[in-house]
Amino acid sequence: MTLTHRPTPFGRALCAMITPFTTSGALDLDGAQRLADRLVAEGCDGLVLSGTTGESPTTTDEEKAELIRAVRAAVGERAVIVAGVGTADTRHTVELALAAEKAGADGLLAVTPYYSRPPQDAVEAHFRELADASGLPVALYDIPGRTGTRIEPETMIRLAGHPRIVAVKDCAYDLLGTQKVLAETELAYYTGCDEYVLALYAIGGSGYVSTVANAAPRHFRAVIDAFDAGDTAEAARLQRRTIPLTESMMSSGLPGTVTAKALLGRLGLPAGPVRAPLRPAGHEMTDGLLAAYEELVSAR
């Protein structure tokens with residue numbers, strides 16, 4: 001039995017890629033290319049660049065564009081590139097969207113404007129202005145724990161009528177609200193919470209945008225591949241197998257950017273330091289991350 005899902009504008013398995021830096025803190029374009037190539041080779045349909053995991057608050061506009069160009073050169077047409085363009089300023093968000101389109105991105109990802117906590121009519125107007133500004137498809141990023149503002153289900157349903165608003169990265173932890181939008185729209189829903197990969201996929205989601213996949217792309221891809229093949233019991237087993245690493249990386253009290261870079265560095269993969277105000281993970285934390293990773297890759 002093969003189970004079907006709604007169209008997926010960006011593929012099913014996406015990685016929220018870290019932005020590698022050199023030891024001096026400069027953008028490491030060679031490292032970004034090598035990491036992107038590995039992620040695609042190990043099962044990622046798409047790469048989200050300059051999201052939260054990619055340290056977008058502390059990279060410049062030019063660095064964001066350079067990163068897109070470098071990764072596009074590395075992966076060609078083998079993977080979709082989605083550019084994070086969300087800011088607290090609608091005008092700046094539009095500028096980043098136009099620059100991303102020019103640099104070669106295939107799509108855009110944008111959070112609600114943070115800190116100012118705009119009401120829902122202003123949130124809707126912000127996203128409409130973004131979607132009107134370029135020819136790229138847009139994914140809305142609903143993560144109120146970071147932005148302070150939900151994209152309410154009713155707002156999401158209205159925005160789904162825009163021809164270029166096609167997807168949602170869902171970190172709202174509101175499964176009821178998610179199902180309401182799924183029932184009323186054709187939006188492609190991607191979970192941004194690694195522990196919900198199978199849960200959202202099983203109710204009609206389109207896939208995931210994973211931070212943990214920076215280190216273990218094949219293991220998350222295996223979950224949805226098993227589900228697509230109709231082996232739901234195996235999909236559940238494979239999802240449970242990822243939980244120790246997900247917990248270590250995402251529930252340690254440190255941002256996923258910090259833990260992902262710590263683990264990638266220990267594995268000898270491109271990462272480099274984080275930029276202030278973030279601080280690197282300590283040795284004990286990194287040892288724990290490595291142990292959880294080795295447990296995952298050695299499991300059957």
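**Exercise 1. State whether Cys44 is buried or exposed, and determine which disulfides, if any, the structure holds.**

Solution. Cys44 has a relative accessible area of 4% and is therefore buried, where buried means under 20%, exposed over 50% and partly exposed in between, with a 1.4 Å probe and protein chains only. The model is predicted, so that local features need pLDDT of at least 70 and side-chain atom pairs pLDDT 80 or more, whereas totals for chains, interfaces and linings use all residues. Residues are numbered from 1 along each chain as its sequence is written, and side-chain values use heavy atoms, without hydrogens and water.

Next, take the sulfur of Cys44: the closest cysteine sulfur, in Cys15, lies 4.9 Å away, too far for a bond, a disulfide being a pair of cysteine sulfur atoms within 2.5 Å. Cys193 is likewise in no disulfide, its nearest cysteine sulfur, that of Cys171, being 3.8 Å away; Cys193 is buried, at a relative accessible area of 6%. The count for the structure is 0 disulfides.

**Exercise 2. Describe how helix α2 packs against helix α3.**

Solution. Begin with the axes: those of α2 (residues 61-75) and α3 (residues 90-103) come within 9 Å and cross at roughly 30 degrees. The two helices are therefore roughly parallel to each other, a description that applies to angles under 35 degrees.

Then identify the contact (heavy atoms within 4.5 Å): Asp61, Lys64, Ala65, Ile68 and Arg69 in α2 meet His92, Leu96, Ala100 and Ala103 in α3.

Definitions and conventions:
Axes fitted to C-alpha atoms, helices over the stretch in contact; angles between N-to-C directions. Helix = DSSP H or I, 4+ residues; strand = E, 2+ residues; numbered from the N terminus. Parallel < 35°, antiparallel > 145°, perpendicular 65-115°, else oblique.
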